[in-house]
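Work through the following exercises with the sequence and the model open. Each task is followed by a solution in steps.

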Amino acid sequence: MARRSTGGVVEKSTARGKSYGIRFRALGARRFEHVGYEADGVTRADAERTLAYVLQQVQRGDWQPAAAAVADVADTDPTFHEFASEWWAAKRLEVRPNTIAAYENELSVHLLPFFARHRLSQITVAEVDRYRESKLRKAAEHRAALAEWEARCAALKDGEARPPRPPAAMVSAAYVNATITRLGSILDVADERGLIARNPVRVNPRNRKAKVTRRRTAHLDRPDHIVALLDAAGRMDREAASRRDRDTCLRRPLIATLTFAGLRISEALALRWGDVDLAAGRLRIGDVEDTKTAAGHRSVPILPVLRDELLARKASVALAAPTDLVFATRDGRPLSRDNTRTRILGGARKLADEALLEAGLAPLPAGLTQHSLRHTYISLRAALLDDLPSISRDAGHADITVTARIYTHVMTLAEGDRERLRALVDGVQWAPLGTKGAETASGGLDASDPRTTKAPHLQGFRADSWGETRTPDLTIMSRAL
């Protein structure tokens, strides 16, 4: 019977701080392998796990020492830093500017601090797992520090200064997984070139990734919510006009474009008047650097409700030449994503919730973002029973299953909601408050009806028919698919 392999953890104090290694016996000789530094998130427990893994390799006869010819190591087994630098020099020529920034952050802030000195052969399954665990520990530490900061702020007395907020850290489980995906794509190239025996990220990849609890993306699935958000944005535009703001008549048409054309925010902010064919009723999307795939280069139909909004926008701006941006400040400068997220969508959400509350209706869903309006567009098209291939094409998806699986939500439609959605999309106006007579063809209500809401931004909506007791219309998805 083979003698059981033994070994131990070696802990040293170095100029870089505490260092961990393992010492063991293999192939008739005493061996040593460096595990990592405490400054990189390595702990004694990590070293103990690595030792246990190596001893199992030795016991099975799988362990092999590093190549003896040191002069050849740089060619046959480069460090991760060397190989990743070569990989990135070639890769950055193929990707978009936003992707360049994202990849460089994943490499310089996350992967290189941990793997830089590793030879490619030293990046094992155990090392990838150790990297994931170190990042998740940092995430837990950040959450704890943030909770402590919030508690300290809550306990402050009048006049006391707030302590500095813990610095932001991109260490969520989903982001950690993104960095592991990037590591895997780099090691794929090393595997193709024969520099490693196998890519450790591809060994049961689900086990290499952190568990992520995915939330369903918020979207608007009720006509009253869509109208409330649009009217709130219109109210902001009117207030801006009264103050002679530089970006008058901007908020409502931008939100309408995201909702009724399904553009990504980068596509909407890059849209120029030369791409807007109001006569033919099409938006041309194709010259945006952030377009994800070839399918992103497309022609999107302008729904009647959006045509009215864009006509109003064009009439209100001085810069409407083909090369001018559709959504820009009065002097033509581009808007930022952060500005549209916080000041435009955030402000409209607040006003819309106030109007909905006044009308006795549920507020907008929590977590509503600019991209939520893209989800809204696709779900709205499905609710109106448009065919899925057309929806997918107009949304710019290369794979129709993405449209069906991720974006096409089941809308919770009450009786008559589909007709109201159709009227909304067709640009039919709701009957204003104070109008006498029967309901209009668009579904507007007689103002004398006591059920008619009193909220001025929700004209024609009735609280009892838009209440909380709704049954999801499951026929929407079955017919759309």
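Two residues are in contact when they have heavy atoms within 4.5 Å of each other. The model is predicted.

**Exercise 1. Surroundings of Asn-199**

Task: State where Asn-199 lies, decide whether Asn-199 is buried or exposed, and list what Asn-199 touches beyond four places in sequence.

Solution:
- Step 1. Asn-199 sits in the loop that runs between α6 (173–192) and α7 (205–208).
- Step 2. Buried means under 20% relative accessible area. The relative accessibility of Asn-199 is 4%, so Asn-199 counts as buried.
- Step 3. With residues up to four places away in sequence left out, the contacts of Asn-199 are Gly-184, Leu-187, Asp-188 and Asp-191.
- Step 4. The side chain of Asn-199 comes to 2.9 Å from the backbone oxygen of Gly-184. A polar atom of that Asn-199 side chain also lies 3.0 Å from the backbone nitrogen of Val-201.

**Exercise 2. Packing of α9 and α13**

Task: Classify the orientation of α9 and α13, and describe the residues of their contact.

Solution:
- Step 1. Two packed helices are described by the angle between their axes and the distance between the axes.
- Step 2. For α9 (residues 251–261) and α13 (residues 370–383), the angle is about 45° and the axes are 6 Å apart.
- Step 3. Angles under 35 degrees count as roughly parallel, and 65 to 115 as roughly perpendicular. The two helices, α9 and α13, are therefore oblique to each other.
- Step 4. From α9, the contact involves Ile-255, Leu-258, Thr-259, Phe-260 and Ala-261. Their partners in α13 are Gln-370, Leu-373, Arg-374, Thr-376, Tyr-377 and Leu-380.
- Step 5. By class, the residues of this contact are 7 nonpolar, 3 polar and 1 charged.

**Exercise 3. Arg-298**

Task: Place Arg-298 in the secondary structure, and find which backbone oxygen lies 2.9 Å from a polar atom of its side chain.

Solution:
- Step 1. Arg-298 belongs to strand β6 (residues 298–301).
- Step 2. Arg-298 has a relative accessible area of 6% and is therefore buried.
- Step 3. Contacts of Arg-298 beyond four places in sequence include Glu-267, Arg-374, Arg-393 and Asp-394.
- Step 4. The backbone oxygen in question is that of Asp-394.

**Exercise 4. Helix α16**

Task: Which residues of α16 are buried, and which helices do they pack against?

Solution:
- Step 1. In α16 (residues 417–425), the buried residues are Asp-417, Arg-420, Leu-421, Ala-423, Leu-424 and Val-425.
- Step 2. These buried residues pack against α8 (223–242), α9, α11 (304–316) and α13.
- Step 3. Gly-427, with a positive phi near 80°, follows α16.

Notes. Residues numbered from 1 in each chain as written. Predicted model: local features only at pLDDT ≥ 70, side-chain atom pairs only at ≥ 80, totals over all residues. Heavy atoms only, no water. Axes fitted to C-alpha atoms, helices over the stretch in contact; angles between N-to-C directions. Helix = DSSP H or I, 4+ residues; strand = E, 2+ residues; numbered from the N terminus. Parallel < 35°, antiparallel > 145°, perpendicular 65-115°, else oblique. Nonpolar A, V, L, I, M, F, W, Y, C, P; charged D, E, K, R; others polar. Buried < 20%, exposed > 50% of the residue type's maximum accessible area, 1.4 Å probe, protein only. Polar contact = N/O pair within 3.5 Å; in protein donor to acceptor, adjacent residues only side chain to side chain.
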